Amino acid sequence: MAASSAATFSIGTNVSFGCKVGSLSQSKPFGVRFNSQNSLKSFSGLKAVTSVSCESDSSFLGKETSAALRGSIALKAQKENQSYQYHLQPQAAFKVAILGAAGGIGQPLALLIKMSPLVSALHLYDIANVKGVAADLSHCNTPSQVLDFTGASELGSALKGVDVVVIPAGVPRKPGMTRDDLFNINAGIVKNLIEAVADNCPDAFIHIISNPVNSTVPIAAEILKQKGVFDPKKLFGVSTLDVVRANTFVAQKKNLKLIDVDVPVVGGHAGITILPLLSKTKPSVSFTDEEVQELTVRIQNAGTEVVEAKAGTGSATLSMAYAAARFVESSLRALDGDGDVYECSYVQSDLTELPYFASRIKIGKKGVEAFITSDLQGLTEYEQKALEALKPELKSSIEKGIAFANKQAVAA
Ligand SMILES: NC(=O)c1ccc[n+]([C@@H]2O[C@H](COP(=O)([O-])OP(=O)(O)OC[C@H]3O[C@@H](n4cnc5c(N)ncnc54)[C@H](O)[C@@H]3O)[C@@H](O)[C@H]2O)c1
Ligand SMILES: O=C(O)C[C@H](O)C(=O)O
């Protein structure tokens, strides 16, 4: 085997996991390898805000200079390299649950999370078919323990003691459907799962993937309120896939190094409510009006692009698992005390007049720590108009979710 051959992939954080064959791993066939020095430039969005903020006096990072910031990250990265390169123990001991783990997203997401050095236990829950997924995954010689849970009677055990709950349970779209067409089935699924989360792990970070996210997040919030355990800082609608897509499409269009590109995406997660702020792209890049129009529409329709290509067999699963794994890893890093974690997410917000809104946020140990307001300042005329145009649809999706949850409460 060639001493230098290495297969390494990153899920978009400053941590990458690699199976390295050769000098590093002769006595260790699988290694958890931190690539932090390289990835100072390759965070694919997670730390892109570093460069935003260092150029702006009004940034959330205050007076810290770019050089000092990079220096501190480099030092930390070096230490991480030293500490973890040769160990198979988890770096931290967080427990993650996936609800809907046997599904198209759930399975690859479970695999990616199984590779995280921050996870000590992975709880896989579904209404069926999860035993085999867990048996299969448990043979991977990465540190976390995999446990399976099937059906409502085991849901409570799946959630006990968990730090992060990820919810991709529910039905996906078929061609011709909108995400809102999933409401009737998925609203009830999310409601039931969130009730169990409220009862068993009310302090956990909750990541909602199930569509329509614009409504399922408000449903989850209302259920948590009814149970008296709502912490708005810990409820996240996962809109990371919109950022991943925006980064990919912009890099392709402008012939940029993919790993450097970061585009904030705000609003919500459906059609025109998905608003990529191309004027805020890092590195700074100019677009013609036609490019802005073409890229914006492609990013907004990217989910439909996949649904149509899959021709009735489902919607995005692999790219979604990748995006969700990135968001999980970011959350775990924040829980682990990393003070430099930024992601876009659909959360309770007062950035606009709407109660829920996706924007870039800083995530800390207690959840949402700050909103990156600068992204919404100095928008182009195109972006400003698109922002106003998305509000009525987003408002009505939010109200639909709230009404559903309240109606259920009255009926109960
Ligand atoms: N937020 C996003 O960006 C994004 C991206 C892609 C897909 N999605 C959404 O994610 C959801 C799942 O997509 P998928 O492709 O994985 O679908 P899928 O049908 O392949 O998998 C869904 C899984 O959920 C399980 N499930 C159903 N009811 C459940 C319940 N009550 N409790 C636990 N598990 C239950 C099913 O058994 C199945 O294994 C869909 O609603 C889809 O629209 C969101
Ligand atoms: O488009 C869908 O229905 C799934 C998901 O929301 C996506 O953006 O891919």
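How many residues surround ligand 1, and which are the closest? The legends below start with that site and then move on through this predicted model.

**Figure 1. The surroundings of ligand 1 in the predicted model.** The answer to the opening question is 27 residues, and the closest are Gly104, Asp126, Pro168, Val171 and Asn211. Strand 4 (119-126) and helix 7 (183-200) each contribute at least two residues to this shell. Helix 7 gives the most, with three residues. If you are looking for the pocket, ligand 1 sits in the largest one.

**Figure 2. Polar contacts made by oxygen atoms of ligand 1.** Let us begin with a side chain: a polar atom of Asp126 lies 2.6 Å from an oxygen atom of ligand 1. The backbone takes part as well, with a polar backbone atom of Val171 at 2.8 Å from an oxygen atom of the ligand. For Gly170, the distance from a polar backbone atom to an oxygen atom of ligand 1 is 3.3 Å. On its own, ligand 1 has 860 Å² of accessible area, and the protein covers 85% of that.

**Figure 3. Ligand 2 and the residues around it.** Here you will find Arg173, Arg179, Asn211, Leu241, Arg245, His269, Gly303, Ser315 and Ala316 surrounding ligand 2. Arg245 places a polar side-chain atom 2.7 Å from an oxygen atom of ligand 2. For Arg179, a polar side-chain atom lies 2.8 Å from an oxygen atom of this ligand. Asn211 has a side-chain N or O atom 2.8 Å from an oxygen atom of ligand 2. Taken alone, ligand 2 exposes 260 Å², of which the protein buries 95%. The space that ligand 2 takes is the largest pocket.

Figure 4. As background, most peptide bonds are trans. Pro212 belongs to the loop between strand 7 (205-208) and helix 8 (213-226). Pro283 is placed in the loop between strand 10 (274-276) and helix 10 (289-300).

**Figure 5. Asn129 and Asn255, two asparagines with positive phi.** For context, most residues other than glycine have a negative phi. Asn129 has a phi of about 65° and lies in the loop between strand 4 and helix 5 (130-138). Is Asn129 buried or exposed? Asn129 counts as exposed because its relative accessible area is 65%, above the 50% cut-off. At Asn255, phi is about 55°; this residue is found in the loop between helix 9 (240-254) and strand 9 (265-267). Asn255 is also exposed, at 73% relative accessibility.

**Figure 6. Ser349 in its loop.** Ser349 lies between strand 11 (342-348) and strand 12 (356-364). Why does Ser349 count as buried? The reason is its relative accessibility of 9%, which is under the 20% limit. A polar atom of the Ser349 side chain lies 3.1 Å from the backbone nitrogen of Leu351. Leaving aside neighbours within four places in sequence, Ser349 is in contact with Leu354, Pro355, Tyr356, Phe357 and Phe371.

Note on methods. Residues numbered from 1 in each chain as written. Chains lettered and ligands numbered in written order. Predicted model: local features only at pLDDT ≥ 70, side-chain atom pairs only at ≥ 80, totals over all residues. Heavy atoms only, no water. Helix = DSSP H or I, 4+ residues; strand = E, 2+ residues; numbered from the N terminus. Buried < 20%, exposed > 50% of the residue type's maximum accessible area, 1.4 Å probe, protein only. Polar contact = N/O pair within 3.5 Å; in protein donor to acceptor, adjacent residues only side chain to side chain. Contact = heavy atoms within 4.5 Å. Near = heavy atom within 4 Å. Areas by Shrake-Rupley, 256 points an atom, 1.4 Å probe, with all protein chains shown as cover. 1 Å grid on protein atoms, 1.4 Å probe; cavity = no way out; pocket = protein on both sides within 12 Å on 5 of 7 lines; lining within 4 Å. Sits in = over half its atoms within 2 Å of the grid points.
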